[in-house]
Amino acid sequence: MTAIDTQEEWRLLIGGEWVVPANTYEIVNPNTARPVGHAPDATVADADSAVAAATSAQAAWGALPMEERCGYLARLADVLEERMEQWVPLVQAETGATLRVAGTMQVGGPTIDRFRYYSTPRDIDSPERPAPV
């Protein structure tokens with residue numbers, strides 16, 4: 001597992017742009033009571049901007065062919081898998097979970113499997129749908 005960079009600057013993704021938050025809040029490891037980093041503290045205005053951006057993008061997203069939308073979900077599963085080693089220590093420190101829980105339930109395993117499942121195009125009218133993962 002890789003070490004956590006407590007100085008890393010986390011941002012908000014709003015409308016396809018990385019936005020520096022007005023504030024951050026400290027993340028404390030519940031097992032040690034020590035700070036492990038900072039997270040963006042979104043404001044009401046940030047949330048409003050994110051909702052407006054999502055609403056604005058909805059029509060274009062819906063117009064994409066299903067296979068393309070599924071490709072984005074597959075890519076998300078790939079990114080989770082590629083960065084799992086980097087994110088497991090962060091999730092463990094943030095939640096106080098064991099390495100096994102953080103690595104198999106919170107970052108990897110079922111999370112990745114779920115995105116892979118949803119990345120497979122399906123005809124909802126077909127009786128031959130695969131069972132959920």
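These exercises, each with a worked solution, concern a predicted model.

**Exercise 1. Helices α2 and α4**

Describe how α2 passes α4, and state which residues meet.

Solution. 
- Start with the axes. Helix α2 covers residues 66-95 and helix α4 covers residues 110-118; their axes come within 8 Å and cross at roughly 160 degrees.
- Next, classify the angle. Angles over 145 degrees count as roughly antiparallel, so α2 is roughly antiparallel to α4.
- Then give the hand: the crossing of α2 with α4 is left-handed.
- List the residues. From α2 come Cys70, Leu73, Ala74, Leu76, Ala77, Asp78, Leu80, Glu81 and Met84, and they meet Thr111, Ile112, Phe115, Arg116 and Tyr118 of α4.
- The contact of α2 with α4 has 10 nonpolar residues, one polar and three charged.

**Exercise 2. Helices α2 and α3**

Find the angle at which α2 and α3 pack, and state which residues make the contact.

Solution. 
- Helix α3 consists of residues 99-106, and α2 packs with α3 at about 120 degrees, the axes being 9 Å apart.
- An angle from 65 to 115 degrees would count as roughly perpendicular. The angle here is about 120 degrees, and α2 and α3 are therefore oblique to each other.
- The hand of the crossing of α2 and α3 is right-handed.
- On the α2 side the contact uses Met84, Val88, Val91, Gln92 and Thr95; on the α3 side it uses Leu99, Ala102, Gly103 and Gln106.

**Exercise 3. Aromatic pairs**

How many aromatic pairs does a search of the whole structure find? Describe each pair.

Solution. 
- The search gives two aromatic pairs.
- Take tryptophan 61 and tyrosine 72. Their ring centres are 5.7 Å apart and their planes stand at 45 degrees, so this pair is tilted.
- Locate the two residues. Tryptophan 61 is in helix α1 (residues 44-63) and tyrosine 72 is in helix α2; they are 11 residues apart, and the pair links distant parts of the chain.
- Turn to tyrosine 117 and tyrosine 118. The centres of their rings are 5.2 Å apart with 70 degrees between the planes, and the pair is edge-to-face.
- Compare each value with the cut-off: buried means under 20%. Tyrosine 117 has a relative accessible area of 15% and is therefore buried, whereas tyrosine 118 is partly exposed at 46%.

**Exercise 4. Glycine 96**

Where is the place of glycine 96, and which residues does glycine 96 touch?

Solution. 
- Glycine 96 sits in the loop between α2 and α3.
- With a relative accessible area of 22%, glycine 96 is partly exposed.
- Asparagine 29 is 67 residues from glycine 96 along the chain, and their C-alpha atoms are separated by 6.0 Å.
- Leaving out residues up to four places away in sequence, glycine 96 touches Asn29, Pro30, Asn31 and Val91.

**Exercise 5. Alanine 33**

Is alanine 33 buried or exposed, and what is its phi?

Solution. 
- Exposed means over 50% relative accessible area. Alanine 33 has 59% and so counts as exposed.
- Phi of alanine 33 is near 60 degrees, which is positive.
- For comparison, most residues other than glycine have a negative phi.

Note on methods: Residues numbered from 1 in each chain as written. Predicted model: local features only at pLDDT ≥ 70, side-chain atom pairs only at ≥ 80, totals over all residues. Heavy atoms only, no water. Axes fitted to C-alpha atoms, helices over the stretch in contact; angles between N-to-C directions. Helix = DSSP H or I, 4+ residues; strand = E, 2+ residues; numbered from the N terminus. Parallel < 35°, antiparallel > 145°, perpendicular 65-115°, else oblique. Left-handed = near helix turned anticlockwise from the far one by under 90°. Contact = heavy atoms within 4.5 Å. Nonpolar A, V, L, I, M, F, W, Y, C, P; charged D, E, K, R; others polar. Phe/Tyr/Trp six-rings, centres within 6.5 Å; stacked < 30°, edge-to-face > 60°. Buried < 20%, exposed > 50% of the residue type's maximum accessible area, 1.4 Å probe, protein only.
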